[in-house]
Amino acid sequence: MTTFSITINGQIHGPMEIRDDLTLNDFLREYLGMTGTKFGCGAGQCLSCAVIVDNPDGTSSTSPTCIVTAADFNGKTIRTVEGHAKNGQLSQLQKAFIEHFAFQCGYCTAGFLNEGQVLLERLSKQRIARAELEKTISEALDGHLCRCTGYVKYHEAVRDVILADPQRYLA
Ligand code: FES
Ligand code: FES
């Protein structure tokens, strides 16, 4: 057993005792009932389970949750799909996903949303040329698997959010 605490969407959970081998995915879904984070392959291959990690240097990144233990995230700060909407208002990226009909079953959506959000945050700190945008979005979303709608609509949704605010995201 391990003593563990974690901040999720701005709320501290713990300290509490957890099994050493408890995955972060099981902790979110089974302990906290936060089922927005999905469990797909369970092998680090589809990224449907990805969450946002807020790094100490102010950057953000994503991590799968199926192949890492919750204990690995002791003291860390993460965000899940449940944290994107604020005061009942969807984020710009969530709205764009809906406008583009980017998902069908939605199983992959939380992972794409978190990855897209991390990209937006990265570009807001380090803007890129318009000519780099398509490649940058493709590379950011690479690795996320979707069995329903394919990938174009997610790509277009992320692009729309960036192009809607070029001064923020583009050099
Ligand atoms: S469920 Fe975690 S990568 Fe597929
Ligand atoms: S919307 Fe069903 S897997 Fe992507």
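These legends describe close-up views of a predicted model.

**View 1. The largest pocket and its lining.** This pocket holds about 200 Å³ of space. Cysteines in its lining include Cys46, Cys105, Cys108, Cys146 and Cys148. Leu145 and Tyr107 also line the pocket. So do Gly40, Ser48 and Arg147. By class, seven lining residues are nonpolar, two are polar and one is charged.

**View 2. The second largest pocket, lined in part by helices α2, α5 and α6.** Its volume is about 160 Å³. Helices α2 (92-99), α5 (152-163) and α6 (166-169) each give at least two lining residues. Helix α2 makes the largest contribution, with four residues. The lining runs through Gln92, Lys95, Ala96, Glu99 and His100, then Asp160, Val161, Ala164, Asp165, Arg168 and Tyr169. Five of these residues are charged, four are nonpolar and two are polar.

**View 3. His100, a residue in the lining of the second largest pocket.** His100 sits in the loop between α2 and α3 (109-125). Its relative accessible area is 19%, so His100 is buried; the cut-off for this class is under 20%. Leaving aside residues up to four places away in sequence, His100 touches Lys153, Glu156, Ala157 and Asp160. Asp160 is also among the residues that line the second largest pocket.

**View 4. Ala164, another residue in the lining of the second largest pocket.** Ala164 belongs to the loop between α5 and α6. The residue is exposed, at 64% relative accessibility. Gln94 is 70 residues from Ala164 in sequence. In space, their C-alpha atoms are 14 Å apart.

**View 5. The aromatic pair of Phe27 and Tyr31.** The model has five aromatic pairs by the rule used here. In this one, the ring centres are 5.7 Å apart and the planes make an angle of 40°, a tilted arrangement. Both residues belong to helix α1 (residues 24-31). They are four residues apart there, so about one helical turn separates them. Their accessibilities are as follows. Phe27 is buried, at 0% relative accessibility. Tyr31 is partly exposed, at 42%.

**View 6. The aromatic pair of Phe112 and Tyr151.** This pair is also tilted, with 6.3 Å between centres and 45° between planes. Phe112 is in helix α3, whereas Tyr151 is in the loop between α4 (133-141) and α5. The pair therefore ties together parts that are 39 residues apart in sequence. Phe112 is buried, with a relative accessible area of 1%. Tyr151 is partly exposed, with a value of 39%. Both belong to a cluster linked by ring pairs, together with Phe97 and Tyr154.

**View 7. Lysines over aromatic rings.** The charged end of Lys38 lies over the ring of Tyr107, 5.9 Å from the ring centre. Tyr107 is also one of the residues lining the largest pocket. Lys76 sits over the face of Phe73, with 5.4 Å to the ring centre.

**View 8. Thr77 in strand β5.** The strand spans residues 77-79. Thr77 is partly exposed, with a relative accessible area of 29%. Beyond residues up to four places away in sequence, Thr77 touches Thr7, Ile52, Val53 and Asp54. Ala157 is 80 residues from Thr77 in sequence, and the two C-alpha atoms are 27 Å apart. Ala157 is among the residues that His100 touches.

**View 9. The cis peptide bond between Gly14 and Pro15.** Omega is about 5° here. Pro15 lies in strand β2 (residues 11-18). Most peptide bonds are trans.

**View 10. Asn9 and Asn87, each with a positive phi.** Most residues other than glycine have a negative phi. Phi of Asn9 is near 50°. Asn9 is found in the loop between β1 (2-8) and β2. At 28% relative accessibility, Asn9 is partly exposed. Phi of Asn87 is also near 50°. Asn87 lies in the loop between β5 and α2. Its relative accessible area is 82%, so Asn87 is exposed.

Notes. Residues are numbered from 1 along each chain as its sequence is written. Chains are lettered from A and ligands numbered from 1 in the order in which they are written. This is a predicted model: local features need pLDDT of at least 70, side-chain atom pairs count only at pLDDT 80 or more; totals for chains, interfaces and linings use all residues. Side-chain values use heavy atoms; hydrogens and water are left out. On a 1 Å grid over the protein atoms alone, a cavity is a set of points where a 1.4 Å probe fits but cannot get out, and a pocket is an open set with protein on both sides within 12 Å along at least five of seven lines; lining residues have an atom within 4 Å of a point. Grid points are joined across faces, edges and corners, and a volume is the space filled by probe spheres set on the points. Ala, Val, Leu, Ile, Met, Phe, Trp, Tyr, Cys and Pro count as nonpolar, Asp, Glu, Lys and Arg as charged, and the others, Gly among them, as polar. Buried means under 20% relative accessible area, exposed over 50%, partly exposed in between (1.4 Å probe, protein chains only). Contact means heavy atoms within 4.5 Å. Rings of Phe, Tyr and Trp (its six-membered ring) pair if their centres lie within 6.5 Å; planes under 30 degrees apart count as stacked, over 60 as edge-to-face and the rest as tilted. A charge sits over a ring if NZ of Lys or CZ of Arg is within 6 Å of the ring centre and within 35 degrees of the ring normal.
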